[in-house]
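Colleague: I am new to reading protein models, and I would like to learn by asking. Could we go through the features together, one at a time?

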Amino acid sequence: METHAINNSGSNVKDSVLGTLTISKNKKRFHPNKLRMSIRRFLYRRRCLLTLIQFFTIFFFFRVVQLSLFTNNLDGNVYVTNLQKPVTKHDVTITFQIPAFNASHHADIYTYDLPDVTRYDYVSGKRFKEYVIPVKDIDVAYRQNLDPLEVFLIPFSHVDPGYGLTLESYYQRMSKHTLDNMVKKLNQYPDLTFQWAETIFLERWWRDISETTKQNVRELIQDGRFEILSGGWVMPDEAVTHFAPVIDQLIEGHQWLWENLGVKPENNWANDPFGYSSTFPYLWKKSGMENMVILRINQAMKGTLMKKQALEFTWKPLWSKNSTNDILCHLMPYRGYWIGDTCGPYNQHICREYAFMHTNPRDKVVFVTDDNLAERARILYEQYRITAELYRRDNLNANGESVSQNLYLPIFLGEDFSYVSGNDYDLIYKNYKKLFDYMNSKKEWNIQLKFGTIGEYFNKIKHNQEKRTAKDGSRFPSLSGDFMPYTDYQKDFWTGYYSTRPFIKQLSRELQSSLKMADIFHAYAHAQAESSENVIAYTSYAEVTSLLRAARRDLGMFLHHDGITGTSVTPVINDFRKKIYVALRKTESAIKLIISQLLTFGHVNGLEVFKNTVQRMSMTSIPRDVVMDMSVNFKAGGSFLVVTNPSARKRTDVISFTAVARNKYTFISSAEGPLDFQTQSLDKDNTTRFSFVVDLPPYSLQTFRVESFKTKKNMSETDVEEDVLEQKETQSDQQRNDTDIFVLENAYLYVEIDEKSGFPRKLKMKNDDKSEIDVLTEVLAYDSLRSGAYIFAPKGAANPFISGKPEIVVNKGTYISEIKSIYRSFTLTTRVYNVTGVKGMGVHLTAEFDMTKEKANFNKELILRFKTSINNENIFFTDQNSFQLIGRKTRAEHTEENYYPITSMVVIEDQDKRLTLHTAQPHGAASLENGWMEVMLDRRVARDDDKGLGQGVLDNTLTVANFILQVETRKENQEMPKELKYTYPSETNILMNELLNEPTYSLFVEEGKKLREFNLNEDVLSFTSLENSLPCGVSVVGMRTLSKSDLSYNGTSLVLHYTPTLNSLKETSLCSNRGDEVTLKHLFRSFMINSAKETSLTHLNDIKKINLDDNLRPAEMELRSFKVSF
């Protein structure tokens, strides 16, 4: 704020840096010559001083320009991003490392560094403590020579497909009417606009409206008055979602929009996710979007970005080597997105008075009249000026003066499920229209307001920036990293939802892997039929397509930011659970039809013949073995097991199934001959678990015969007798002593198990002495202080969760050895596989837990912790949406601030070793002390955390979580990378995680004659798509048939990803084809391709045509998307 002195004439005179010369009548008069000499001396000194000031001004100007290339100025403190120089901030010493992986394309701001330069000061409010936000005071609205301000007011309705009500209830009660009235009112008011983001509601509405209304909607879109943002099926959560189904729901939404509305979304709107991933901006950009809007970041850090004048920035991936993946991001300034939150940060009560759709007197809305128009306009004008100043990016001229600039501001006029009635639109339009007309006429305010769209806003600021760049070289600041975790006020950290309701999180991941496999093999089945010139008919194509579409859309719905997060009310969670379970069953049905098509060309009814070997028997049960009845009649064809490799790489795996062995002898064979196998008697009705090793080609179906004989003489000489599993008796306390050590080992691993807890305590790779590592495993729980569905706020350190002495069962066999430790409400099974390849290189852990079994588990948050001997110095890495590994640092004293989301792995490492915990489901994870690694398993909290849900989380159920522990060592003379902001997995990391998250799938055929009755030779009962594995690091993110609304074929989608690996680690994965090309001939070697082209991620924009021999391999960390037609 400028300071002025007022002279006697009333004019403003700016204070001089030399002070004010005052001549008083009461002073003694000077002689004229002396006076002239004094004036000359004064002017000479003044010129000298001004010259000196100009010199230092120019010097410091160029010094600032020089430093700006290497430094960032946050909160008045310089921190260095590319110099090995420690900087002290708030008594914290920070050392910034030169990025080792990509030193050529730095960002101006790294979110990794922001916590160290952010103040967590508070302003006490009526209900809670707000973080301090550096806004200007009201005087900023009344400066002389005000910069022009253009304000775009954008009506919207935020809609959740499940939160307080279910999707259908929300649609019938609210969203249907919002959209109906939107069409009417936009026709009634020619300058009114509206925006929408969730395709799931548009598709539901589209089924109910007339063709006339549909055409009207298209016209409103073409006129630029109804803007579709984002265009995904939903607005997904960004913390606990896997990137592959996020892409899938984005394709589903974009394909529907293009077919029905002719829309290609250009802007992304993400106002409600609870923190933001650095993966998603890249996905939006690859999908054709150029701009995005976000809101919910750490509110104190938002204050830091305000001081940096960085509420608008280009968001770039940490690993990116150029600007092609950058996207422009607008960060909303205050804490919320409702109309009241457009004033702030402490003046929400002011803008709530302008939420004109609220007519209840208790809402204290002040409607605009002729009498109060001037006053209401003045108040709103002041708030908009204050907010617009937050988006000013000052450039100083050579004299250090601020350069005039045009200011632009989007104001979002909406709330959750708003504009339900036509009157809501009327009240908003008429009241704001009065305010517009008055404010636009006030020349001294230099402001223009209008209804607009976010697309208009971005076009304005980018056009204005182009002019500024041409004039003075300025640009938007750049930022890399993510915004996790989120806190809105008083250090409430939203880190609890990472682990809330783990049962349904794990259920959705099971659906995800099954659906991906079904999509891939459905695409192959269709390509096979189309390439056969009508010899093979895919008679179940429409049925399978319908089943997979329904499952995909329900999974997409669940990825919503109040779905997979577990933060909806209990009846809605039950509805989500039911939908995901039904979607899983539909996917299983589709898989049976697809396998029937690929193995028998559809001659047998897959729904009748195939049975799942593992299944959930209800929507609240965990997966359990299904007991099969093996046929005893050889003439009936015996029984068959069909095994599917869902991976694009060859796989060695151990396959298990459970069956009633009616006869004494069992025979398992493949097309190459008999197989060795392991059995485990389950001691009930002759029930036995059979396990055998398979080598599976990539993307293949292999059939194995299983037969039962009464006498050994019925078997051929090459038959192999069953290898009976050695099952040790359960040990009691009397049978144990302090020197007992339980050991699990195979050709690769040596694992010590603690004799008291039954949990792992040490592991090492047998061929590497440096790999030995302590992994003391503990099951603990935090006592909840203020935790709820969203926030994690524990009362101190974690305490033991389990008590008493466990039942420990030790089973060791030829292929599988395991130790199971059983407590009342928690069971941990530690398992190793005696097979070659990746399967044998990890320690497989399965945790089963039920927090409802003991009353003492009330208000507890359950964790699994590993105390290791790794010296990670508070640095660890978490996967982000299973797309990348991002660096984390344990900084704060409060546990909840140091928790981060994981979806597939967490890593700690030192100069010698790396320890990775792979996970098959999302969790919150932390490394609270040196060498520690922990994941939160479940939460049972009674308190509502005052974030809108209105209830705690008490619907816990028996849940399973699967993990793999993996240790690796560094090559000789290889140091740990100095880059701390991100890292890469090893090749073995990638393959092991793929094995866990895309498991081998098997189906059983009890009566083999049903599978063979179509009279084809049994050797045909296999399918292989790829001759060789894809190169290491290259993965198929998704391959699926695209279909129109009538289920007709619309091409095949193929999305590839390439993950580089960390070459400082010793590799044992025997990967030899990393540099190989990937071509259409490789992926579709037996099929006739009509056309192929590279497209944007969701296939809305064509890039170039693709030939059969063109290399489809993506660049490092990149995605490439293709549309292929058969």
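Colleague: Let us begin at the surface. Which residues make a nonpolar surface patch of about 200 Å²?

Modeller: In this predicted model, the patch is made by Val-123, Val-132 and Tyr-346. Patches take residues with over 30% relative accessible area and no salt bridge; nonpolar side chains (Val, Leu, Ile, Met, Phe, Trp, Tyr) are joined within 5 Å, and like charges within 9 Å. Val-123 sits in strand E8 (residues 122-124) and counts as partly exposed because its relative accessibility is 31%. Buried means under 20% relative accessible area, exposed over 50%, and partly exposed in between, with a 1.4 Å probe and protein chains only.

Colleague: Before we go on, what should I know about the numbering and the atoms used?

Modeller: Residues are numbered from 1 along each chain as its sequence is written. Local features need pLDDT of at least 70 and side-chain atom pairs count only at pLDDT 80 or more, while totals for chains, interfaces and linings use all residues; side-chain values use heavy atoms, leaving out hydrogens and water.

Colleague: Thanks! How many helices and strands does the chain have?

Modeller: There are 18 helices and 58 strands. Helices (H or I, at least four residues) and strands (E, at least two) are DSSP runs, numbered from the N terminus. Of the chain's 1126 residues, 61% count as buried.

Colleague: How do I read a helix such as H4, and which of its residues are buried?

Modeller: Here is the general idea: an α-helix has 3.6 residues a turn, so residues three or four places apart point the same way. In H4, the buried ones are Lys-214, Asn-216, Val-217, Leu-220 and Ile-221. Seen down the axis of H4, these buried residues fall within an arc of 160°, so they line one face of the helix. The arc is that of the directions from the helix axis to the C-beta atoms. On the other side of H4, Glu-211, Thr-212 and Gln-222 are exposed.

Colleague: What covers the buried residues of H4?

Modeller: The cover includes helix H2 (167-188), helix H3 (199-206), strand E12 (226-228) and helix H5 (243-261). Contact means heavy atoms within 4.5 Å. After H4 comes Gly-224, with a positive phi near 80°.

Colleague: How far does helix H13 reach from its first C-alpha to its last?

Modeller: H13 (residues 541-558) has 18 residues and reaches 26 Å, close to the 26 Å expected at 1.5 Å a residue. The expected span is 1.5 Å times one less than the number of residues. H13 is mostly covered, with 14 of its 18 residues buried.

Colleague: Now for charges. How many salt bridges does a search of the whole structure find?

Modeller: The search finds 64 salt bridges, each a side-chain nitrogen of Lys or Arg within 4 Å of a carboxyl oxygen of Asp or Glu. One of them joins Glu-994 and Arg-649, whose closest N and O atoms are 3.0 Å apart. This pair links distant parts of the chain, 345 residues apart: Glu-994 is in helix H16 (residues 987-997), and Arg-649 is in the loop between strand E24 (639-645) and strand E25 (651-660).

Colleague: Are Glu-994 and Arg-649 buried or exposed?

Modeller: Glu-994 counts as buried because its relative accessibility is 15%. Arg-649 is buried too, with a relative accessible area of 5%.

Notes:
Accessible areas come from the Shrake-Rupley method with a 1.4 Å probe; for residues, only the protein chains shown count as cover.
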